[in-house]
Amino acid sequence: MGGMTRSNRVVKAARRPEVRLPRLAAASIGELEPDGDYDGLEFQEADFAGQDGAGARFMDCALTGCALDETRLHHARVLDSVLTGIRGVGTDLAEASLRDVELVDARLGGVQLHGAVLERVLVRGGKIDYPNLRTARLKDVVFQGCVLVEPDFGGARLERVEFVDCVLKGAVLTAATLVDVDLRRAAQLDIARGVGRLSGAVISHTQLLDLAAVLAAEIGVRVAPED
């Protein structure tokens, strides 16, 4: 844990996605299909609630204002795409793959991302409640200006992940592995469980003081009032 206080620790910066969408065609599909292949399409205000797109591939796509309540996207692949203003409760993205993706102003609750792979992903703005990222792999991911409520990173691997001007409430890091994770610019850092897994992350001196009580409880240190 001592490494967290070293201000001169070198942290490798996350590589941000550089999404350059081609000219897109307006999507005219009625419903998602399992293992569907969607390439170069623009989805505007589409309602995918309750639909099954498990295993589908989205490449060079833009999804704007789409509803994803209980949408099944297990094992889906989202590549070189921009998702703006998507919303939904219980969206199933378990074991999905997101690469070179921008997720902007999302409003999601209980999204299932356990076992997912996120590489070169920017999550900017919005609010995500109770995201399940257990055993997920995050590499070159930036959370910027967003609110994450009780994110569960249990057993996940985070490498070159940055939290910039974002709020983390009740984060769970149990059994997680952190490599070059930069938390110094998080607007709020609240860790419910697994604070001892912060080895491999860098935090600010102020954050260390804020985490002192939970850190003491994690390692079994009793803090008694002075006589």
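This is a predicted model: local features need pLDDT of at least 70, side-chain atom pairs count only at pLDDT 80 or more; totals for chains, interfaces and linings use all residues.
Biologist: How many salt bridges does a search of the whole structure find?

Modeller: Side chains of opposite charge can pair when their charged atoms come close. Searching the whole structure for such salt bridges gives a total of 12.

Biologist: Glad to have a total! How far apart are the closest N and O atoms of Arg-120 and Asp-100?

Modeller: Arg-120 sits in strand S9 and Asp-100 in strand S8, 20 residues apart, so this pair links distant parts of the chain. The two form a salt bridge, and their closest N and O atoms are separated by 2.7 Å.

Biologist: Is Asp-100 buried or exposed?

Modeller: Buried means under 20% relative accessible area. Asp-100 has 11% relative accessibility, so Asp-100 counts as buried.

Biologist: Which residue forms a salt bridge with Arg-160?

Modeller: Arg-160 is itself buried, at a relative accessible area of 14%. The closest N and O atoms of the pair are 2.7 Å apart, and the partner is Asp-140.

Biologist: Is Glu-162 buried or exposed?

Modeller: The cut-off for buried is under 20% relative accessible area. Glu-162 has 8% relative accessibility, and therefore counts as buried.

Key: Residues are numbered from 1 along each chain as its sequence is written. Side-chain values use heavy atoms; hydrogens and water are left out. A salt bridge is a side-chain nitrogen of Lys or Arg within 4 Å of a carboxyl oxygen of Asp or Glu. Helices (H or I, at least four residues) and strands (E, at least two) are DSSP runs, numbered from the N terminus. Buried means under 20% relative accessible area, exposed over 50%, partly exposed in between (1.4 Å probe, protein chains only).
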